[in-house]
2 protein chains.
Amino acid sequence: MSEKEPTAPRSGERITIREVAQDAGVSVAAVSKVLRDAYGVSDALRAKVRASMEKLSYRPRASARGMRGRTYTIGLIFPDLRNPFFADIYSGVNAALERTQYQAMQGINTTSGALNMTSSALIEAMIDRQMDGLVIIGPNMETQVLTDLGARLPLVVIGQHDRGGDAFDTVNNDDQLGARLVVRYLMGNGYRKIAMLSLSPSNSSIIQQREIGYRLEMMELGAGDAINIVRASQVVRDVQVTVRRLLSGPDRPDAIFCWTDLMAFEAISVATEMGLSIPEDVAIVGYDNTMFCDLAQNSLASVDQSGELLGLQAARMLVERIDGRVTAEHFMVPPRIVARASAGPRQPQD
Amino acid sequence: MSEKEPTAPRSGERITIREVAQDAGVSVAAVSKVLRDAYGVSDALRAKVRASMEKLSYRPRASARGMRGRTYTIGLIFPDLRNPFFADIYSGVNAALERTQYQAMQGINTTSGALNMTSSALIEAMIDRQMDGLVIIGPNMETQVLTDLGARLPLVVIGQHDRGGDAFDTVNNDDQLGARLVVRYLMGNGYRKIAMLSLSPSNSSIIQQREIGYRLEMMELGAGDAINIVRASQVVRDVQVTVRRLLSGPDRPDAIFCWTDLMAFEAISVATEMGLSIPEDVAIVGYDNTMFCDLAQNSLASVDQSGELLGLQAARMLVERIDGRVTAEHFMVPPRIVARASAGPRQPQD
DNA sequence: GAGATTTTGTAGAACGATATACGTAGAACA
DNA sequence: TGTTCTACGTATATCGTTCTACAAAATCTC
């Protein structure tokens with residue numbers, strides 16, 4: 001109870017490590033060791049310190065920790081917030097972090113266009129805030145930028161097949177296989193003139209992979225002549241115009257393989273407005289198998305890429321990197337087609 | 001160029017304020033003042049320092065700033081990520097923060113159930129990370145908890161009508177009016193047996209407000225006998241069961257006013273599966289006017305509560321609070337009904 | 001039982017900003 | 001010419017942790 005410190009701890013202020021140390025009758029360094037699970041702490045001391053921390057309901061401050069060590073915070077960077085698929089990834093990340101000291105903070109990378117930028121404002125902001133590592137989802141930046149970034153801090157990328165040496169890890173579903181499954185599924189149900197509604201600009205490797213998968217499977221199944229790739233940006237208006245043009249052309253496809261469920265919903269909408277029936281006049285398949293696929297008004301066949309698993313794995317790998325791994329690892333989950341009415345078996349033409 | 005410092009700055013390390021000061025030939029304190037736009041800096045000095053910061057591409061570290069001052073980071077807490085309405089709020093917040101030094105970091109408050117908790121793990125994590133302030137969206141916690149929280153740091157709450165003295169600001173749409181508009185709109189289109197699909201548990205004030213608005217308008221328009229409120233949680237399965245029960249009862253409503261668009265989409269799905277036509281057999285109205293309402297397969301009439309404006313305003317108010325305002329302010333935007341086919345004019349019964 | 005090794009704990013200097021308190025140069029005023 | 005302001009800059013303590021270096025105690029080794 002003796003107050004010999006020059007600065008008496010003001011009441012009402014937040015508890016610090018110093019007060020915990022004093023309460024437990026040990027040094028500040030000892031408390032810090034317990035906090036970090038560092039080497040050289042006896043069970044007795046650990047218990048004593050833990051008890052004091054509990055009693056005073058002490059919580060370490062990330063800023064102070066960040067000055068010398070880790071902040072125990074990782075950054076999650078999403079390309080947008082409207083696609084519910086990202087919610088799956090998010091919940092996977094959180095599940096992986098549950099029992100660790102780490103906490104995820106998210107941001108949306110709204111930079112469109114400037115692909116060759118050194119980095120993005122959000123990423124710089126995350127670095128300023130001393131994130132221990134980053135998970136970037138569906139990056140629209142060049143591999144070189146990611147490689148440079150990976151040299152600066154632990155990095156895991158979801159949705160990017162190109163590798164950057166040992167600079168970063170990747171977590172993906174097998175996009176090429178996913179596209180193949182879609183073509184196979186549609187062909188099996190009697191569709192042959194399968195168009196692909198892809199994404200523009202197509203700088204990303206997952207786009208390339210899916211397009212390759214589509215092309216190869218079309219050729220292997222003898223429909224090479226029907227290959228037709230059109231591209232639209234994620235902007236609603238753009239998707240609508242593109243789909244409308246595709247469906248009103250002279251050689252209307254009898255199925256469309258869409259980049260995402262979101263685009264597929266737009267496609268269903270446009271087709272419906274044009275008076276076309278799904279799947280009688282045109283079958284639609286999406287990608288991501290988001291929760292909206294199940295709704296009766298959509299009944300959208302889609303490719304499940306287990307977002308939760310992707311997130312889980314990415315978070316695990318990032319923590320490993322933070323803990324010192326310096327060689328790259330790459331994780332790939334198999335996609336799975338989920339059949340639904342939007343691409344059901346084709347009725348014999350009358 | 002003289003190196004008389006005891007610690008020579010290691011190359012490859014991040015630029016610090018000290019190096020900027022040295023480069024500009026001024027004191028560290030002067031640089032700090034420029035950074036904070038603090039009083040007592042001449043234009044000449046400011047220019048000199050700015051030039052050096054630019055030249056060295058200096059960026060202040062949030063952790064270090066957080067030790068004594070602000071982190072220039074605010075926390076955004078969402079109740080979930082699946083509702084695209086939150087994306088609108090997010091973009092409003094970002095628009096408001098665009099020209100400031102502040103950066104938003106988000107998190108999802110996944111705590112379900114424990115309403116009377118002192119706080120939530122995410123909120124504590126945000127406090128640990130020295131957020132300068134918090135915007136909480138659609139909190140499922142008691143007002144007292146928010147009041148306590150507001151005493152700890154600047155706080156703005158979106159989607160909560162109950163006030164907490166001067167402890168926090170609120171930003172809302174007029175939920176009571178929104179509900180009234182829906183009833184008025186449906187009545188105007190010939191529907192009378194309007195049921196309300198509300199949210200459970202109904203501890204939140206926005207739920208109460210909407211239910212009050214619904215009840216009052218029903219009574220005022222002479223349909224008090226048709227008042228029927230059913231409740232479901234956000235869980236998909238729960239919504240389905242509730243809607244199915246509602247629609248298969250002996251006294252089927254001819255319209256359902258749903259808590260959110262998401263619930264409305266579920267309702268459309270269930271109704272469709274039951275072989276009911278929309279709006280002939282049952283009209284559906286949602287809330288939030290999310291992007292999916294426009295799709296032909298939904299064509300969902302909804303209430304627009306300008307999420308972007310809500311976010312914009314919340315961020316502005318939060319920054320004001322951080323800058324010292326201590327009295328509460330409350331902002332309310334008027335809701336607006338958006339008519340669509342899901343609740344179009346009723347055809348005369350045959 | 002002496003030296004070597006390992007385990008356990010401590011002291012105190014960082015980390016990179018902010019903010020207080022103070023010094024100094026001009027300007028304004030008498 | 002001195003005095004009093006005001007505007008501008010600076011020196012330096014401080015924030016709450018981590019982490020290096022080291023001391024003391026316990027254990028091992030032969």
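**Chain contacts and domain packing in a predicted model**

Modeller: In this predicted model, the side chains of A:Arg59 and B:Asp128 form a salt bridge, with N and O 2.5 Å apart.

Colleague: How many salt bridges does the rule find across the interface of chain A and chain B?

Modeller: A salt bridge requires a side-chain nitrogen of Lys or Arg within 4 Å of a carboxyl oxygen of Asp or Glu. The pair A:Arg59 and B:Asp128, at 2.5 Å, is a salt bridge. Across the interface of chain A and chain B, the number found is six.

Colleague: Which helix of chain A gives the most residues to the side that touches chain B?

Modeller: The interface of chain A and chain B has 25 residue pairs in polar contact, both residues being at pLDDT 80 or more. Helix 4 (62-68), helix 5 (85-97), strand 2 (103-108), helix 6 (121-128) and helix 11 of chain A each supply at least two residues of the side that touches chain B. With seven residues, the one that gives the most is helix 11.

Colleague: What area is buried between chain A and chain B?

Modeller: The contact joins 48 residues of chain A to 48 residues of chain B. Carbon and sulfur atoms give 57% of the buried area. The area buried between the two chains is about 4,300 Å².

Colleague: Which three residues supply more of the area that chain A buries against chain B than any other three?

Modeller: The area buried between chain A and chain B is about 4,300 Å². Of the part that chain A buries, 16% comes from three residues: A:Leu81, A:Arg82 and A:Arg129.

Colleague: Within chain A, how many residue pairs are in polar contact between domain 2 and domain 3?

Modeller: Domain 2 of chain A comprises 72-173 + 307-334, and domain 3 comprises 175-305 + 337-343. These two domains of chain A bury about 1,300 Å² between them. Their count of salt bridges is zero. The residue pairs in polar contact, both at pLDDT 80 or more, number eight.

Colleague: How far apart in sequence are the parts that B:Asp169 and B:Arg321 tie together?

Modeller: B:Asp169 and B:Arg321 form a salt bridge whose closest N and O atoms are 2.9 Å apart. B:Asp169 lies in strand 5 of chain B and B:Arg321 in helix 12 of chain B, so the pair ties together parts separated in sequence by 152 residues.

Colleague: Are the rings of A:Phe265 and A:Phe292 stacked or edge-to-face?

Modeller: The structure holds 13 aromatic pairs over all chains. Planes over 60 degrees apart count as edge-to-face. The ring centres of A:Phe265 and A:Phe292 are 6.4 Å apart and the planes stand at 80°, so the pair is edge-to-face.

Conventions
Residues are numbered from 1 along each chain as its sequence is written. Chains are lettered from A and ligands numbered from 1 in the order in which they are written. This is a predicted model: local features need pLDDT of at least 70, side-chain atom pairs count only at pLDDT 80 or more; totals for chains, interfaces and linings use all residues. Side-chain values use heavy atoms; hydrogens and water are left out. Domain bounds come from an automatic or database domain assignment. Buried area is the accessible area (1.4 Å probe) that two parts lose on being put together, summed over both. A polar contact is a pair of N or O atoms within 3.5 Å; within protein, one must be able to donate a hydrogen and the other to accept it, and residues adjacent in sequence count only if both atoms are side-chain atoms. Rings of Phe, Tyr and Trp (its six-membered ring) pair if their centres lie within 6.5 Å; planes under 30 degrees apart count as stacked, over 60 as edge-to-face and the rest as tilted. Helices (H or I, at least four residues) and strands (E, at least two) are DSSP runs, numbered from the N terminus. Contact means heavy atoms within 4.5 Å.
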